[in-house]
Amino acid sequence: MEFEFYAVTHAGLVRDNNEDYCSIPLNDGDCPLAIVADGMGGHKSGEVASKMAVETFTKCFCNEETMQLSTGDRLLFALKEANTAVYTASREKLSLNNMGTTFNACYVEGEKAFIVNVGDSRAYHIRNGQVIQVTQDHSMVQELIMKQVITPEEAINHPQKNIITRAIGIDPEVIGDLYIREIASGDYIMLCSDGLTSHVNVNELGLMFDSSCTLESIANTLKDLALMQGGSDNVTIVVIRCN
């Protein structure tokens, strides 16, 4: 199986800077690694956190010494190294104090997609027009939904919808969630920051993911929809097509 990808990021219509960071460091057509991180913190430290997390994770994941680990363990180990790097930097420099970032990475190997997640950036698996949200948000509203205090519909405009309960760089240790999805030719994997999902219901747009559309048109259409609906946050989207 081979893979195509496309990534787009936009600062949005409200913020001056873009604290999101995305990367597809492995692009040999056989086993791509795609990452989306949504930074947080004042004085542009969110930008530092997201980029540092992605670069540290990538360096660790691609290190020959980690190749002996299983794919899942390799992803989780690299995630912990990224957390340590961001956490340490935030304590060593006052201007970076309390910086952090969400983190969402997908590594495709054979007929499986391995996805690791921290925070409320999301991963979706699309097959035959059906959209499945793979990751579960680490957020205040998600906890309220799970406790049946509010409904998913009420969560959309909830005043605490931007409060996340887990992130890279906030604590000395972090727990990442690992998901494994069986994939087939014609499937899509999408990673995105909450700048998209805060404005756009991806579950209703499965028919956009069609072989007649380019990945560029899919990603940019989703980005434009988020901007048309307010664009109140940075928007980042990575789309992978399995061929």
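The buried residues of helix H2 (buried meaning under 20% relative accessible area, with a 1.4 Å probe and protein chains only) pack against helix H1 (45-61), strand S5 (103-109), strand S6 (112-118) and strand S9 (177-182), where contact means heavy atoms within 4.5 Å. Helices (H or I, at least four residues) and strands (E, at least two) are DSSP runs, numbered from the N terminus. The model is predicted, and local features need pLDDT of at least 70, side-chain atom pairs count only at pLDDT 80 or more, and totals for chains, interfaces and linings use all residues. Residues are numbered from 1 along each chain as its sequence is written, while side-chain values use heavy atoms, with hydrogens and water left out.

Helix H2 comprises 22 residues (71-92) and reaches 32 Å from its first C-alpha to its last, close to the 32 Å expected at 1.5 Å a residue, the expected span being 1.5 Å times one less than the number of residues. Among the buried residues of H2 are Leu75, Ala78, Leu79, Ala82 and Val86. An α-helix has 3.6 residues a turn, so residues three or four places apart point the same way.

Strand S5 also takes part in a pairing with strand S3, since two strands pair if DSSP finds at least two bridges between them, and four bridges join S3 to S5 in an antiparallel arrangement. Within this pairing, Ile35 stands opposite Ala105 in S5. Two bridges join S3 to strand S4 (residues 100-101), again antiparallel, and Met40 stands opposite Gly100 in S4. Seven of the eight residues of S3 (residues 33-40) are buried, so this strand is largely enclosed by the rest of the structure.

How values were computed: Buried means under 20% relative accessible area, exposed over 50%, partly exposed in between (1.4 Å probe, protein chains only).
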